[in-house]
Amino acid sequence: MSNAPPSIEVINLDTHYGDRQVLKNVSLSVNPGEIFVIMGGSGSGKTTLLNHLLGLLRPTSGTIRILGKDINTLSSLEMQDLRTRMGVAFQSGALFSSMSVGDNIALPLREHTDLDEMTIGIVTRLKLEVVSLAGFEHLMPAELSGGMIKRAAFARAIVMDPKLLFCDEPSAGLDPVVASSIDDLILRLRDAMGMSIVVVTHDLDSTFKIADRICVLDKGEVLALDTVDAIRNSPNERIQNLLNRRTEEAEVDPDAYLRRLLGEKEKHANQPTQGRTGL
């Protein structure tokens, strides 16, 4: 790793959906050229954190710096310019079904650059070569397998040579062999393009194969942030439950449970009894 400033800094991030707090004092950083994996169980806050890093959500409090920019202070135009330096490979691929593979990959170049069509075609084919889809530019997304759709999504995500690449569940829905090839692709992209890559996943095999560091989220908090070996050997019971797919028995407070029941009863008892007549 270089001594360059972090590609991403998150400092004391809090987020609420209404009255419910979903992220609590989250702090982390992603180094240049690092593959940083965010993992955790369902409802742990992974997707919410990813949406913050993409600038799609505003936090309740805290700071998020992407490539040195505090994104909470950027104008919409400044944020749009920053996003041209970021690539996103969506979980479903998110290819436009009415456009060919080549047109899907070329779209960011047509939208955000002044390149001529010949140059756009060359760059598009070059990125397809990188993801092992050379010669598939004329096919439609419906003609691709699941793994090929994922690769095409990566080609579109890197077509602008971003400094940051975000991957949402890249191996989801793939068989183990194809999933492993996607892991290999992520490693090649990091090595070839020198970008920082943030991966959100619950796939443990993939995580242990590609990660330089892992951030484990649990109930909206950073439970651990460390190397693969440190996470794998963590003495924390909740981390081991996640790694070994062990369920956790919820502890029930009898008094709190009774209060909830009584509260519901009182709530209904205090509602007006419309339509009743005395007997």
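**Exercise 1: A residue in a helix**

Ile186 is found in helix H6; helices (H or I, at least four residues) and strands (E, at least two) are DSSP runs, numbered from the N terminus. The model is a predicted one, in which local features need pLDDT of at least 70 and side-chain atom pairs count only at pLDDT 80 or more, while totals for chains, interfaces and linings use all residues. Residues are numbered from 1 along each chain as its sequence is written, and side-chain values use heavy atoms, with hydrogens and water left out.

Task: Determine whether Ile186 is buried or exposed, and which residues it touches.

Solution. Step 1: the relative accessibility of Ile186 is 0%, so the residue counts as buried (buried means under 20% relative accessible area, exposed over 50%, partly exposed in between, with a 1.4 Å probe and protein chains only). Step 2: when residues up to four places away in sequence are not counted, Ile186 touches Ile35, Phe154, Pro170, Ile197 and Ile210; contact means heavy atoms within 4.5 Å. Step 3: Phe154 is 32 residues from Ile186 along the chain, and their C-alpha atoms are separated by 8.9 Å.

**Exercise 2: An enclosed strand**

Task: Explain why strand S8 is described as largely enclosed by the rest of the structure, and state which strands pair with S8.

Solution. Step 1: of the 5 residues of S8 (residues 196-200), 5 are buried, so the strand is largely enclosed by the rest of the structure. Step 2: both faces are covered, with Ser196, Val198 and Val200 buried on one side and Ile197 and Val199 buried on the other. Step 3: S8 pairs in the parallel sense with strand S3 (residues 35-40) over 4 bridges, where two strands pair if DSSP finds at least two bridges between them. Ile35 has Ile197 as its bridge partner in S8. Step 4: strand S7 (residues 164-168) also runs parallel to S8, joined by 5 bridges, and Leu165 stands opposite Ile197. Between S7 and S8 the chain passes through helix H6 (residues 176-193), and this β-α-β crossover is right-handed; that is, with the strands pointing away from the viewer, the path from the first strand over the helix to the second runs clockwise.

**Exercise 3: The sheet**

Task: Give the order of the strands in the open sheet and identify those at the edges.

Solution. Step 1: the open sheet has 6 strands in the order S6-S7-S8-S3-S9-S10, and its pairing is mixed. Step 2: strands S6 (86-89) and S10 (221-227) stand at the edges with a single partner strand each, so one side of each has no neighbour in the sheet. Step 3: from one strand to the next, the twist averages 15°; axes are lines fitted to C-alpha atoms, for helices over the stretch in contact, and angles run from 0 to 180 degrees between N-to-C directions. Step 4: S3 and strand S9 (residues 213-218) run parallel and are joined by 5 bridges, with Val216 as the partner of Met39. Step 5: helix H1 lies across S3, S6, S7, S8 and S9, at about 145° to S3.

**Exercise 4: A buried serine**

Task: Locate Ser44 and describe its surroundings.

Solution. Step 1: Ser44 is in the loop between S3 and helix H1 (46-53). Step 2: its relative accessible area is 2%, so Ser44 is buried. Step 3: a polar atom of the Ser44 side chain lies 2.7 Å from the backbone oxygen of Gly41. Step 4: apart from neighbours within four places in sequence, Ser44 is in contact with Val22, Leu217, Asp218, Lys219 and Gly220.

Note on methods. Polar contact = N/O pair within 3.5 Å; in protein donor to acceptor, adjacent residues only side chain to side chain.
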